[in-house]
Amino acid sequence: MQSANMLLRKIVRCSVLPFAAQHGMKKDLFPLSRTLSLSLCLKQEKSCEPSEKLDLDEWKKVMKSGLQEEVSETVSEPKELSSLAAARETLEMWRLAGRAVPENISEEQLKTFTECPSKSAKKKYLKYLHLKELQKKNDKRKMDEKRKRRLEAQDQASKTDETKKNSFVCMWSSTMDKAYNWRAAQSMIFGQPLVFDMSYEKEMSVREVANTVRQIVLSESCNRRSVDPFHIHFCNFKDDSLYHREFIKQYREAWGKLLITVTDQCYTEIFPKDKLIYLTADSPKVMKTFDHDKIYIVGSMVDRSIKTGVSLARAKRLGLESAALPLEKYLLWSTGAKNLTLDQMMHILLTLKDTADWKKALEFVPKRKYCGFVNKPVKELKKTLDLINTLKLGKGREVQKQFAKSYPKKHKLKQK
Amino acid sequence: VQPPEKPLLAEEWNKLREDFQSPEIFEEVMLNSMIRCNSPIDVAKSLLTHLAKRNGDVAYNVLVKYLTLCVQQGQVSEIRDVYDIMKFRFKILESGAYNLLIKGLSNSDQWRMALTLLEEVKKIMIPSRTCYESCIKAASRHQEMKLAFELYDEMVAKDVVPTLNVLQSFFDFSRGMKDAELQNELFGILLYLRENQIYPHKTFMRSIKLWFESIPGGNWRGHLTNIKDSGQCPVCNHQLEDSNLTEEEYSNLSERIIRDVIHGTDTFRKTSPQEFEAFQTFVENRLPFDIVIDGLNVSHIKTRRMQCENLFDAVNCLAKENARLLVLGRKHMLMNSSNWKREIMKEMQNKADFFFAENISEDDAFLLYATLRSGKHCKFVTRDFLRDHKACLPDNLTRHLFRKWQRGHQIVFSSVFSQQPAFRYDCVVQTTGDTWHIPYKDVFEEKYSYQVPRKWLCIQQK
């Protein structure tokens with residue numbers, strides 16, 4: 001559009017085809033003309049052109065010139081707006097001002113927006129919607145490109161027209177599904193139970209519940225695909241809870257056909273207490289080995305605001321044993337909270353179950369959270385870490401001297 | 001990009017734009033740098049004219065940027081023009097533009113228009129504190145103190161927190177006025193400082209002092225001073241309010257701490273009901289204590305020494321004068337280890353009562369409970385700021401009570417075992433009617449929340 005404008009302007013400026021530009025060509029060149037006042041300003045530009053003098057307030061005339069036309073359009077609208085409509089208007093203005101605001105917003109989202117308790121909550125919610133929208137757009141674009149490429153490839157293939165011969169009928173995915181389901185069904189009879197504790201709804205916001213369910217869906221799918229799946233139990237699961245509604249949103253009709261056990265009973269009612277181990281990052285006990293006779297419990301909770309001790313409190317209340325993953329022992333931790341997502345937990349537990357190899361299992365901890373695996377004994381590493389810390393803080397002259405002695409030339413230290 | 005010094009012609013703008021690496025955002029970037037360099041407004045105008053000619057329209061965000069430049073240079077007529085244009089083009093504006101318009105107009109002789117704009121903002125949202133600030137300042141600059149206070153009351157009622165700047169402007173512009181009602185309003189602001197435990201900074205303090213001294217026939221005199229540790233003002237010999245809470249406040253606070261800090265949403269998060277009950281009976285049987293010590297916290301004072309030695313020193317230091325001590329610790333301290341020698345622990349247990357919590361329980365909550373149960377005279381020892389416990393309290397009022405109680409009852413050991421005593425007097429704005437004592441921050445910057453200003457303004461009526 002802009003380049004079309006430029007082109008047109010050049011043509012006008014050359015004034016070879018002024019008449020054509022104004023009458024005949026205009027329509028063709030501006031099929032989507034978004035500014036009503038364009039023709040007007042073009043005329044003005046032309047009139048002041050030869051003198052080449054600069055009218056600094058001319059933009060105001062241009063801006064106001066569109067007014068008459070637009071006013072006639074808006075006159076019919078009622079002056080007072082309902083609160084939702086007003087919110088929509090505000091959003092539109094924010095979008096024009098270049099803030100992170102979604103282009104399209106549904107009535108439901110708009111309602112959630114108006115119900116946000118504070119300005120910053122509103123801002124955050126809008127940014128979330130904005131990013132979601134961007135992602136959707138990107139996905140759609142990629143899909144379209146893919147489809148285009150596939151069509152082209154098909155075109156080419158149909159030209160050569162060569163039928164492949166193969167002894168298998170091509171129906172990979174459904175065959176695989178059958179095999180997976182067979183395994184999952186077996187796990188329901190013979191498999192080691194793994195419990196998801198669904199009693200955290202009160203502790204979470206709506207978005208956190210949605211995230212939790214999404215993570216559980218991922219965990220369930222990777223469990224189904226594994227060689228020796230767990231028998232998944234959803235305990236303390238209330239019908240028509242927020243969890244339930246989110247699960248139906250994610251799984252749709254597949255929700256009824258999942259090969260897992262869903263119950264509103266507590267795990268202590270189903271399993272003997274001495275076999276249960278509650279996995280929580282707050283636990284003082286560290287897990288040493290994966291025990292194939294125990295039943296591990298994972299709290300279905302996404303905890304964005306770091307509420308310490310919530311799941312440990314559950315274990316304490318019921319008198320259950322608890323354990324944390326030995327993250328410190330095997331990983332040189334750098335940043336981030338020690339609580340992992342549910343699907344990461346599932347990956348780790350599955351790997352442990354199959355291989356009993358901590359190093360392999362802890363590969364599933366996100367890379368950004370640790371610097372590397374511990375290869376030396378922990379004590380030695382701690383010493384070096386302490387040394388680094390004291391040097392950083394700039395105190396402990398003696399340590400500096402010691403350090404300088406043992407590493408004389410390699411490291412130059414800044415002496416204050 | 002460097003903005004040009006003189007207005008440019010369309011061709012020149014075009015050339016600049018084409019040379020720029022991403023032409024789509026050229027105007028925005030250019031206007032931003034104009035704002036930064038405070039370029040002449042004509043340059044910006046020429047850019048807008050060029051834009052209008054090319055696109056037949058000037059985008060909203062560009063208009064807002066231009067408006068920023070106008071406000072920055074106080075170009076009132078331009079601000080009005082931009083407002084007219086915006087009004088023509090858009091049904092409503094967003095908060096950024098309103099903020100700018102109000103700020104720009106309130107500094108001019110057309111400040112009343114800023115007030116009408118404020119009314120307009122109120123229809124669609126809660127105005128920001130800067131909007132109120134501009135309007136209040138404009139009103140008080142024109143001696144319309146009544147209007148200014150109306151706006152102030154309105155913003156406080158809407159939970160918009162006023163800036164210190166606004167509060168200061170009230171004192172600045174009321175100087176020398178004799179008006180009983182106005183005086184009461186300003187005393188009200190001082191009480192607002194008291195209630196919210198806000199300390200004015202040095203310049204604000206000076207405004208307060210000057211206002212007091214300017215009241216015709218008031219005979220107020222202000223002096224800057226430091227309060228003695230005893231809580232006596234050296235200028236007027238007045239004894240400041242002590243840091244003790246009233247009975248009602250005290251029982252209120254202990255109730256809240258038990259309910260919100262120790263139990264919270266789930267007693268099991270910090271302790272367990274059995275353990276808490278055991279602790280309660282333990283404390284009730286031995287009440288009252290004089291000093292409650294956070295054993296683990298104190299044991300980390302000197303890192304080179306054994307932890308039990310640190311604790312031993314602290315207990316010895318505090319055990320004088322038959323004070324009844326309670327040391328809170330965790331069970332692991334009873335295991336004979338390199339840091340915790342059994343003999344030393346035995347010896348300490350002769351001098352003080354000990355309670356050992358489970359290793360996974362939080363001993364701080366017990367510390368608060370034991371101190372509060374022992375009564376108003378009881379102090380506690382820890383280097384912890386207890387911020388996480390303060391955060392568990394749900395409302396501001398209780399948090400202020402907690403801070404006040406903490407200031408009066410916490411003893412802090414620094415690494416050389418010099419005690420930093422608890423404050424005997426309360427560090428807030430206070431009055432007796434014919435005297436005012438106002439603590440103030442020496443520097444303009446924020447102080448740490450745990451610090452309390454040591455400098456005071458003493459105002460007395462002769």
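In chain B, the side chains of Arg324(B) and Asp353(B) meet in a salt bridge, with an N to O distance of 3.7 Å, a salt bridge being a side-chain nitrogen of Lys or Arg within 4 Å of a carboxyl oxygen of Asp or Glu. Because Arg324(B) lies in the loop between α16 (307-318) and β3 (325-330) of chain B and Asp353(B) in strand β4 (residues 353-357) of chain B, the pair ties together parts that are 29 residues apart in sequence. Helices (H or I, at least four residues) and strands (E, at least two) are DSSP runs, numbered from the N terminus. Arg324(B) is partly exposed, with a relative accessible area of 33%; buried means under 20% relative accessible area, exposed over 50% and partly exposed in between, with a 1.4 Å probe and protein chains only.

The model is predicted, and local features need pLDDT of at least 70, side-chain atom pairs count only at pLDDT 80 or more, and totals for chains, interfaces and linings use all residues. Residues are numbered from 1 along each chain as its sequence is written, chains are lettered from A and ligands numbered from 1 in the order in which they are written, and side-chain values use heavy atoms, with hydrogens and water left out.

A search of the whole structure finds 44 salt bridges over all chains. One of these joins the side chains of Lys65(B) and Glu28(B), at 3.7 Å from N to O. Since Lys65(B) is placed in helix α4 (residues 60-73) of chain B and Glu28(B) in helix α2 (residues 26-37) of chain B, this pair ties together parts that are 37 residues apart in sequence. Lys65(B) is buried, with a relative accessible area of 18%, whereas Glu28(B) is partly exposed, at 28%.

A further salt bridge is formed by the side chains of Lys202(B) and Asp442(B), at 3.5 Å from N to O. This pair links distant parts of the chain, 240 residues apart, with Lys202(B) in helix α12 (residues 202-214) of chain B and Asp442(B) in the loop between β9 (435-440) and β10 (455-461) of chain B. Both partners are partly exposed, Lys202(B) with a relative accessible area of 31% and Asp442(B) with one of 36%.

Ser299(B), in the loop between α15 (295-298) and α16 of chain B, is buried, with a relative accessible area of 1%. The C-alpha atoms of Ser299(B) and Ala314(B) are separated by 8.4 Å, the two residues being 15 residues apart along the chain. Leu386(B), in the loop between β5 (379-381) and α19 (387-392) of chain B, has a positive phi of about 60° although it is not a glycine, and Leu386(B) counts as buried at 0% relative accessibility. Asn237(B), likewise a residue other than glycine, has a positive phi near 60° and lies in the loop between β1 (220-226) and α13 (247-263) of chain B.

In chain A, the domain assignment gives domain 1 (98-154) and domain 2 (196-326 + 338-365), the bounds coming from an automatic or database domain assignment. The C-alpha centres of domain 1 of chain A and domain 2 of chain A lie 30 Å apart. Glu269(A), placed in helix α11 (residues 267-270) of chain A, is exposed, with a relative accessible area of 53%.
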